[in-house]
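Work through the exercises below with the sequence and the model open. Try each task before reading its solution.

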Amino acid sequence: MHLGVEAQSSPEKQQAPPQLLRVAVDAPQHSGINAPLDYSSERLLTPGSLVRVPLGRRELMGIVWPGTNSGQTDPALLRPVTALLDQLPPLAPAWCQLVEFAAAYYQRSVGEVALSVLPPQLRELEGAQLLARLKKLAKWTAGQGLAPAIAPMQPILSPAQLEVMAKLDALLTAPPEQGAPAPVLLYGVTGSGKTEVYLRAAEHALQQGRQVLVLVPEINLTPQLEARFIERFAGRSIVSLHSGLTPAQRLRNWLAAHLGQAELVLGTRLAVFASMPRLGLIVVDEEHDPSYKQQDGARYSARDLAVYRAHLEKLPVILGSATPSLESWQRAEEGRYIRLSLPERIGGGVLPRVRLFDMKLLPLTKGVTTALTAPLLQALRERLDRGEQSLLFLNRRGYAPVLHCGECNWKSACPHCSAWRVFHKGDRTLRCHHCSFSERVPSACPTCGNQDIAPLGRGTERLEEQLAEALPNARVLRIDADSTKLKGELESRMQAVHAGEVDILVGTQMITKGHDFRRITFVAAVNPDGALFSSDFRAPERLFALLMQAGGRAGRDAGQAARSEMWVQTWHPEHALYKALAKHDFERFAKSQLAERESAGLPPFSHLALLRADARDAEVAKAFLMAAARWAAPLAEQGQLLIYPPVPLGVARVANVERMQMLVESNSRVKLQRLLSAWLPELGALKREHKGLLRWAVDVDPLAI
Ligand code: ADP
Ligand code: ZN
Ligand code: ZN
């Protein structure tokens, strides 16, 4: 509806002075526009309303933002709001607050965050189109809410679950006047019954007529969680929100949540921003998972925002994990989170026995290190004979990470990146995993013509091949990003494992996630040592979580649990991480890691931000960062913050762009925030002084450094 037209037809409105308001629009990045922009309107508009406004020569969607007009623009020059999408109820004040917090905390503009978390299609629709969508949605919802013929089965809670639920109940039923309940860290190994606790808590909220938001790291890796919610809440309206949906589906599901029709929203990190007017509970499953952190644009942590959102809306939030992030663990230690534990597997299933296989004990064959050691093959054979399934985990896809010429020492470097191109045997390509540059494998060495160029090292593709050679009777299946590129391929491969059509499953970390493989009794980590000596301080934490998670795939069937085993091939069996793993002792591991972090002044005992800069020439990026550091030096000194010298990223050059970063460290989150918000607005001008600088970005609470 066009407001101008409407205003003319209603004389009393014509006399009222136009309302001054502000509207969040997605202004181009670093345009210097951080706050919502001033506009005028003939009609009183509720904050949170979706509108169309002119910006420059364009017209875009915006959101009427709470708060007052800056007053800096002469009212006579203010441009009016063009149209109001009043087919939709406005976004709630709490939603706007969440966005405003995220924008401030991750140092982006309010408009950018607000608009980027709406479904992309919503931004393009005119009022009439939106009405059509809403009609379609109404039809769809009507078809959805069919009550089941029989009530879904509910297991009788175990004593540990009962204890957890008793404590949770107190939070779930706490009157809102008591303020925000403390976040709950639900700590329990795979198979300990965490999901059942989520289901019960969700049921409680749904019975109160509230909506429930469940966040998962990657939806297609956790189909069973989704299936269990659908089964338990048959007859309720459940929608998913993730980037794998078509634009139309995403809009439909978002609208269902926004209108309060969807009772349960299951989604990935972007769903933390779902507009849910009656939200009553947030669950974050596998809260430690790195995929909760957005890696471009506003680099937000959906886990952290979920906690903030719960606080803001005074709701309970449950963070679940077998290996909580050390940040969450530390908060529980400090009593800021309530830790509830499920110490045992349901049905008495034990965790697989961990065997640290010492690679140094193998007879050395010169120049040959094999991943498929004889004892490992023997262990696989035993499972095969017993008709049990095995899982081999190797976090490296492709056939071999590099191709090498023994004559002249040529290696398959990527011409555009400081990285090797990976040899993929299946389609005979050399492919760069950083810039995707791909070429057919040369038949001879490109520099000396030697015909005998050989793969160095091993990826999942090669492991699969070697397994097939060594165990010709075994049915081997590989699951990684390459083998599951086609739509539906992941599902059908997983299905084959469940159906028992596979004896040995080989894969990357994809196979360590939420899948409930009943018949796996043997899990082997073929070559996990790399992460032990990584320069990234979080690498051990991640490795421990990954191995615990991989081990959790074994022995989920209590009958087989007793003889299930996890095999870790390592050159460092005495390493503290493996020692703790062998005892399934996350607490011990967490304690030692936290002690190390504390003495090194690392998170969660300090707060970090990374300033990144990209340029064709590393010197340009470096000069920019150094100039930025000089600008901030007095402020940093005042606030006792540390700004480290710029260094190249681990893979410094990608697609011919040199990437540098500079770490900022503070013992106080507030001080860090204060510095960043004074500092970053200056960087736009600084960028213009550094010709050749392509872009810069800030990453607050970076996951990897
Ligand atoms: P987690 O989420 O910690 O991996 P789940 O909730 O998936 O654990 O529980 C593991 C298995 O035990 C699932 O198959 C689940 O259906 C079953 N289960 C959970 N709680 C109970 C219970 N109280 N009684 C019987 N079976 C249960
Ligand atoms: Zn050569
Ligand atoms: Zn490349």
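**Exercise 1. Sort the residues of the shell around ligand 1 into nonpolar, polar and charged.**

Solution. The shell divides into five nonpolar, seven polar and five charged residues. Here Ala, Val, Leu, Ile, Met, Phe, Trp, Tyr, Cys and Pro count as nonpolar, Asp, Glu, Lys and Arg as charged, and the others, Gly among them, as polar. A residue is near the ligand if one of its heavy atoms lies within 4 Å of it. Of the 17 residues around ligand 1, I156, Q161, G191, T195 and R228 come nearest. Helix α8 (residues 194-207) gives the largest share of the shell, three residues. Helices are DSSP runs (H or I, at least four residues), strands likewise (E, at least two), both numbered from the N terminus.

Before going on, note the ground rules. This is a predicted model, in which local features need pLDDT of at least 70, side-chain atom pairs count only at pLDDT 80 or more, and totals for chains, interfaces and linings use all residues. Residues are numbered from 1 along each chain as its sequence is written, chains are lettered from A and ligands numbered from 1 in the order in which they are written, and side-chain values use heavy atoms, with hydrogens and water left out.

**Exercise 2. Find which atoms of K194, E196 and R228 lie by oxygen atoms of ligand 1.**

Solution. Start with the backbone. A backbone N or O atom of K194 is 2.9 Å from a ligand oxygen. For E196, again a backbone N or O atom, the distance is 3.1 Å. Then take the side chain: a polar atom of R228 lies 2.5 Å from an oxygen of ligand 1. Finish with area: ligand 1 alone exposes 550 Å², and the protein buries 76% of that (Shrake-Rupley method, 1.4 Å probe).

**Exercise 3. Describe the site of the zinc ion (ligand 3).**

Solution. List the donors (N, O and S atoms within 2.8 Å of the metal, or 3.2 Å for Na, K and Ca). They are the SG atoms of C414, C417, C432 and C435, at 2.3 Å. Check the angles: 106 to 113°, hence tetrahedral (four donors, all angles between 85 and 135 degrees). C417 sits in the loop between β15 (402-405) and β16 (422-424), and C432 in the loop between β17 (429-431) and β18 (438-440), so the pair ties together parts 15 residues apart in sequence. Both C417 and C432 are buried (under 20% relative accessible area; exposed is over 50%, partly exposed in between; 1.4 Å probe, protein chains only).

**Exercise 4. Do likewise for the zinc ion (ligand 2).**

Solution. C405, C408, C445 and C448 coordinate through SG at 2.2 to 2.4 Å. The donor spacing is C-x2-C-x36-C-x2-C. C408 is partly exposed, at 33%.

Key. Polar contact = N/O pair within 3.5 Å; in protein donor to acceptor, adjacent residues only side chain to side chain. Tetrahedral: all angles 85-135°; square planar, octahedral: opposite > 155°, others 65-115°.
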